[in-house]
Amino acid sequence: MPISLAEKKCLQRGLDFGWQFRNQYVLSCDSDRNYPGWFKQHLGRWTLHHGDALRVTHMTDQDGAHVGWILGHAIAPGRGIAEDSFQIAAHHSQHDFADVAEGVISDLAGKYLVILLTGDTERVYCDPVSDLPLLYDAQTGRLASSLGLVLDRPVVANPLFPARDVLSGKRTLSFGHTIDRTVKRGLSSHYLDLSDFGQHRHWPPMDMAFSKNADDTKDIVDQIIERLSSHITVLTERFDCILPVSGGRDSRILLACASDRLDKLSEISGHRFHNPSRRDTALGKEIVQSLGKEYKTYFRKYPEMGQMRNMRLRMGWSGARPEMEAVPMIEDLPRDHIVLRGNILELLRASQWRRDKIDRPVHLTHGVRRLGVCIDHGGEERKKWFGAYTDWLESLPPSAQKKPYDFAWVELLLPNWQGAYFNGHNSTYFLNPFNDRKLIELAISLPASLRINGEVVPLILERACPELLNFRFQ
């Protein structure tokens with residue numbers, strides 16, 4: 001029986017496959033196949049293979065019939081974390097069962113993948129920004145969390161995204177591409193139909209309005225604080241959690257929303273691996289100590305070639321980011337703790353906008369440039385992506401099309417730039433409490449002018465933990 005490219009690489013390097021890929025998965029119809037150190041479960045014609053560190057929750061209908069799995073950490077508002085069994089309040093034979101299930105799935109927060117299998121319906125749903133990745137090959141019918149697990153063969157070069165450009169950080173994958181010609185990445189807020197491997201948008205709904213008045217800001221901010229704080233409470237009650245704190249805005253929002261949960265955190269810390277992080281950790285320590293808590297600093301350890309090579313393998317050769325320099329320090333974090341991250345909170349600062357693009361028709365050059373899909377010296381290469389960008393934009397409801405750069409950040413950039421990186425860590429688990437479609441809706445509903453002017457973050461801090469406003473932002 002053939003073995004995956006990931007297994008071959010582990011054999012060549014003398015690595016323990018089960019350890020390297022302990023938090024990853026494969027979904028296929030290969031019921032007889034075995035992956036070293038992994039478990040497997042069956043449902044219908046499909047077999048789920050997974051590592052020992054990946055949480056797997058059985059999804060059932062109202063009568064207890066098995067209708068799929070939830071992988072990872074999913075938070076259901078009002079129900080808490082999905083544990084051993086998660087019920088959909090309908091019978092799987094109902095004509096609208098898939099719609100009922102989709103409504104529940106769309107309201108989940110955390111880092112997860114939902115596999116819905118009822119016989120008539122075979123779908124896979126990603127979390128809001130695909131922090132738990134979905135890659136698939138329609139030719140082989142195999143799905144997995146990273147490229148080496150999808151393939152039983154060498155990578156066939158994708159001419160649109162040369163591997164050298166992607167792995168050096170010169171070009172960022174997007175629009176569902178990988179460095180392989182046939183393997184695709186599932187798009188956020190789309191489900192993958194396993195009957196034909198087509199992708200279909202399920203969020204946002206056509207009637208969702210994203211334009212709010214500045215007068216609604218305080219109400220929206222209060223909703224954000226309440227929901228984000230609730231997610232942090234659920235996570236810290238159930239798991240050992242670490243909160244990184246720097247001098248920036250995003251981690252300070254998490255700190256504010258966790259301010260009454262600080263005793264539940266296993267650690268508050270930061271990584272010092274270059275000059276900006278030296279300043280960040282110094283200010284982070286000052287902030288945390290002002291709240292009467294201890295702060296741990298992880299000092300620079302230079303990555304070894306093998307560490308980086310194995311990280312790229314676990315990531316499925318999905319790209320590079322400066323933070324990879326911190327891999328040796330991250331591997332020193334307490335094993336199997338959840339690291340609470342605030343990356344998606346950039347929406348509250350309208351980080352993908354420019355002031356001259358607000359309340360104007362979409363600017364394709366700006367939109368494509370922000371995705372980083374091309375090495376552009378004259379603009380002609382960038383124009384080649386205008387069609388793909390326009391097609392993606394037109395898949396959004398009209399109200400969402402007025403927020404193009406926010407949605408591109410969520411659906412086209414983060415799954416490739418962030419999710420793949422998070423997935424590469426096998427001893428520590430990264431999770432964004434803000435990874436929630438309701439929170440994303442609320443953030444995007446705030447006027448871009450307020451967000452880009454820096455008015456939203458201080459308002460959140462003022463209402464959640466005003467003492468944090470006493471410190472400058474880095």
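# Report on helices, strands and selected residues

Ser277 lies in helix α8 (residues 275-290). Here a helix is a DSSP run of H or I with at least four residues, a strand is a DSSP run of E with at least two, and both are numbered from the N terminus. The model is predicted, so local features need a pLDDT of at least 70 and side-chain atom pairs count only at pLDDT 80 or more, while totals for chains, interfaces and linings use all residues. Residues are numbered from 1 along each chain as its sequence is written, and side-chain values use heavy atoms, with hydrogens and water left out.

Apart from neighbours within four places in sequence, Ser277 is in contact with His271 and Arg272, where contact means heavy atoms within 4.5 Å. Ser246 stands 31 residues away from Ser277 in sequence, and the two C-alpha atoms are 7.8 Å apart in space. Helix α8 itself lies across β16 (267-272) and β17, and runs at about 160° to β16. For such angles, axes are lines fitted to C-alpha atoms, for helices over the stretch in contact, and values run from 0 to 180 degrees between N-to-C directions.

## The parallel sheet

Strands β16 and β17 also belong to an open sheet of five strands, in the order β17-β16-β15-β18-β19, with parallel pairing. At its edges stand β17 (296-299) and β19 (429-431), each of which pairs on one side only. On average, neighbouring strands of this sheet are turned by 35° against each other, direction ignored. Val339 stands opposite Phe430 in β19.

## Antiparallel pairing

A second open sheet has six strands in the order β2-β3-β1-β11-β10-β12, with antiparallel pairing. Its edge strands are β2 (39-43) and β12 (184-185); each has a single partner strand, so one side of each is left without a neighbour in the sheet. Tyr136 has Leu143 of β11 as its bridge partner.

Strand β13 (residues 190-193) is covered on both faces: His190 and Leu192 are buried on one side, and Tyr191 and Asp193 are buried on the other. Tyr125 stands opposite Tyr191 in β13, and His190 stands opposite Arg201 in β14. Four residues separate the strands in the hairpin of β13 and β14, where Phe197 takes a positive phi near 60°.

| Strand pair | Bridges | Direction |
|---|---|---|
| β9 and β13 | three bridges | antiparallel |
| β13 and β14 | four bridges | antiparallel |
| β10 and β11 (residues 142-144) | three bridges | antiparallel |
| β18 (residues 338-340) and β19 | three bridges | parallel |

## Helices α1 and α9

Helix α1 (residues 5-13) and helix α9 (residues 305-315) have axes that come within 10 Å and cross at roughly 165°. The two helices are therefore roughly antiparallel to each other; under 35 degrees counts as roughly parallel, over 145 as roughly antiparallel, 65 to 115 as roughly perpendicular and the rest as oblique. The contact is formed by Ala6, Lys9, Cys10 and Arg13 of α1 together with Arg309, Asn310 and Leu313 of α9. These residues divide into three nonpolar, one polar and three charged. In this grouping, Ala, Val, Leu, Ile, Met, Phe, Trp, Tyr, Cys and Pro count as nonpolar, Asp, Glu, Lys and Arg as charged, and the others, Gly among them, as polar.

## Individual residues

Tyr112 is placed in strand β8 (residues 109-117) and, at 0% relative accessibility, counts as buried. Leaving out residues up to four places away in sequence, the residues touched by Tyr112 include Ile70, His73, Cys126, Leu132 and Arg437. His73 is 39 residues from Tyr112 along the chain, and their C-alpha atoms are separated by 5.5 Å.

Ser130, in the loop between β9 (122-126) and β10 (135-137), has a positive phi of about 55° although it is not a glycine. Ser130 counts as buried at 2% relative accessibility. Trp317, in the loop between α9 and α10 (327-330), is likewise not a glycine, yet has a positive phi of about 50°. Trp317 counts as buried at 12% relative accessibility. The peptide bond from Trp203 to Pro204 is cis, with omega near 0°, and Pro204 is in the loop between β14 (198-201) and α6 (217-238).

Conventions: Buried means under 20% relative accessible area, exposed over 50%, partly exposed in between (1.4 Å probe, protein chains only). Two strands pair if DSSP finds at least two bridges between them.
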